[in-house]
Structures are given as C-alpha cells and as structure tokens.
Amino acid sequence: MIIDPKRVAIIGMGPAGVSAAIYLKRYGMEPVCFEKELIGGKVNKTEKIENYPGLPSLKGPDFALQYESQLSFFNIEVNYEEVTSVTLNEDGSFLVKTDFSEEVFAYVILAIGLGEKPYAIPGEESFKKRGISRCAICDGMFYRGKDVAVIGAGTSAFEEATYLSDICSSVSLIARRTEFRAQKAAVDQFLAKNNAKIYTPYLPISVSGKDSIESMTIQNVQDNSTLTLSIQGLFLYIGDAPWVNFVKIDGVTNERGYLVVDRRGETKVKHLYACGDCTDTLLRQVVTASSDGALVATSIHDDYQNQN
C-alpha cells in the first residue's frame, strides 16, 4: 500500500486542530480533518472570550464561526465523522477508522480536547433532559426569569454563572471548597451581580421534583448541615477528562489519561502527535491550544522535509 505522507490526519477541530490544519495547509501538506460535533469544540459553549490577544471580547460561537471561515478560505474540508479507532500498523503507519470510512496515514495529530466528567447525584438521570444541563449557552434561555444553580468552582463555572445571571432570576453557585480554582476576574464578575449567591463549602446530595427539577439539597462538608434550594435548573461544571478510549495504542497516556508529548508535540510513538487540552499541559486555554497546533504542524513538516 502506498501512503501519501503529505496527507495528515487531524482528529478534533477545536482551536488546536484548526491551527494545525491551517499551518499544514500553508506548508503545502494536506490536512485530513475529522470532527464529530462542531468546529471550534468547546469554544461554541463559551459565552465570552476576553483573554485572546488582539480580540478584546468575542462571544464563543462567533469565535467558532471565524474558525470555519478561515478553514474555508484555505479550502480545508472537514469530515464530520466520529473517529472510532486509531491503531498502529507494523510498518509504523496508522489506521484511522470512523463510522463511515477508514484510511492509513503516515502522521496523525490528536487534538481531541476533553470530554465531560461523569457526575453522580441522586435524581440526575431523571432530570437530565428536564432541568439539568452542562451548557449554559445552549440551554440558558429555557430558564429566563427562573432560579438556577451552578455546580463548580473553576473559571468555566463562574463565567457561565455570570452569563446565566443576566437571564435568570437568581443564580446560586455551589462549591465544595472555600478556595476557588477560577481566575479572580471571573469570580469578581459573578460576585458583582446582585442576583448571585455562593454556597461554600457545600456538596449537592440530591435533586427532586415532579415533571421537572424543583429543588436541590446541599450539605455542608464541615458540619454536615443541609439546605434545600428552590431551583428550576441545574448546570454542571465539575471538570473534564481526556477522551482517548478510541486510541488503541499503548503507553501514550499518563495515569490520569492525558496524552504525554515531548517539546515538539510528539508522543513516544513516532509520527503520533497530540496538541491542546488533551495533553498533559499546565494551561488549557484557546491561546495555548492554538500555539500547540502550530507547533505540531511545524514539527510534522520538518520531519517530512528531512525524510524527502
């Protein structure tokens, strides 16, 4: 089988994947892009981006549309297919399978971002489609004028709680610890809202209701006392985890499931690269993911040039 080394598989079209595709195209190579949902990834679920240099403030979905426009400008096509497996062949090439096709590549870039961690709270399954959501941008308008709660203590939790405060009657943020992982600016923006409340250190223990969610009981982790909040919506922002189960190659992740790469973005498997939030990195932001994508594309181009 003849493999064209200039055809590079990119799995995931968030900021890292989009950046890699653009750089590869400009290097004269052919990015073959796979995305199972939307171009831009979780950017689409972000209410506002204010820390990307040169763009003081832009809504996440609008940012994602810019990605689509730029890919179109470079004539880069995206295959809207879910990759079901990546395996390593004996000759060092990779077999990439989707629900609809399969192809062998000399180079593969994993830009798969992070998936949502499962979260167990009694009653969640009953109300997942009737009051519990993981996307304020997607579902916030369903709760206009209502009381809602947000579970989480990271930057995303505070940013989405602030977004909800402009729509909802009240927003209660529940955090297990008194110290937050979130950026101070995000915390301050939420606290500046007159309909914002923070319950800490509390842990949700159950939700209940009839046809839809009506209340949530939370417990103080220090004295075990409980409170019952009247809410009509609950938004979960309890963290993410790498989605790497489809990568059927041993030894490329650490004990937490993150992909381990060297300074060029290459895993310990030759020609298998990773970039963005799925890697074991110190910072997971749009700007760093974009940088990672440019780096791995350049690394692949340099490797190709050295071999040809």
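User: How many salt bridges does a search of the whole structure find?

Analyst: The general idea first: side chains of opposite charge can pair when their charged atoms come close. A salt bridge here is a side-chain nitrogen of Lys or Arg within 4 Å of a carboxyl oxygen of Asp or Glu. By that rule, the search of the whole structure finds seven. Bear in mind that this is a predicted model, where local features need pLDDT of at least 70, side-chain atom pairs count only at pLDDT 80 or more, and totals for chains, interfaces and linings use all residues. Residues are numbered from 1 along each chain as its sequence is written, and side-chain values use heavy atoms, leaving out hydrogens and water.

User: Which residues are linked with Arg 7 in a network of salt bridges?

Analyst: Glu 30 and Glu 103 join Arg 7 in that network. Glu 30 meets Arg 7 at 2.8 Å, N to O. This pair links Glu 30 in strand β2 with Arg 7 in strand β1, 23 residues apart (strands are DSSP runs of E, at least two residues, and helices runs of H or I, at least four, numbered from the N terminus). Glu 103 also meets Arg 7 at 2.8 Å, N to O. Glu 103 lies in strand β6, so this pair ties together parts that are 96 residues apart in sequence.

User: Where do Asp 166 and Lys 193 lie, and how exposed is Asp 166?

Analyst: Their side chains meet in a salt bridge of 2.8 Å, N to O. Asp 166 lies in the loop between α5 and β11, and Lys 193 in the loop between α6 and β12. Asp 166 is exposed, at 55% relative accessible area, while Lys 193 is partly exposed at 26% (buried means under 20%, exposed over 50%, partly exposed in between, with a 1.4 Å probe and protein chains only).
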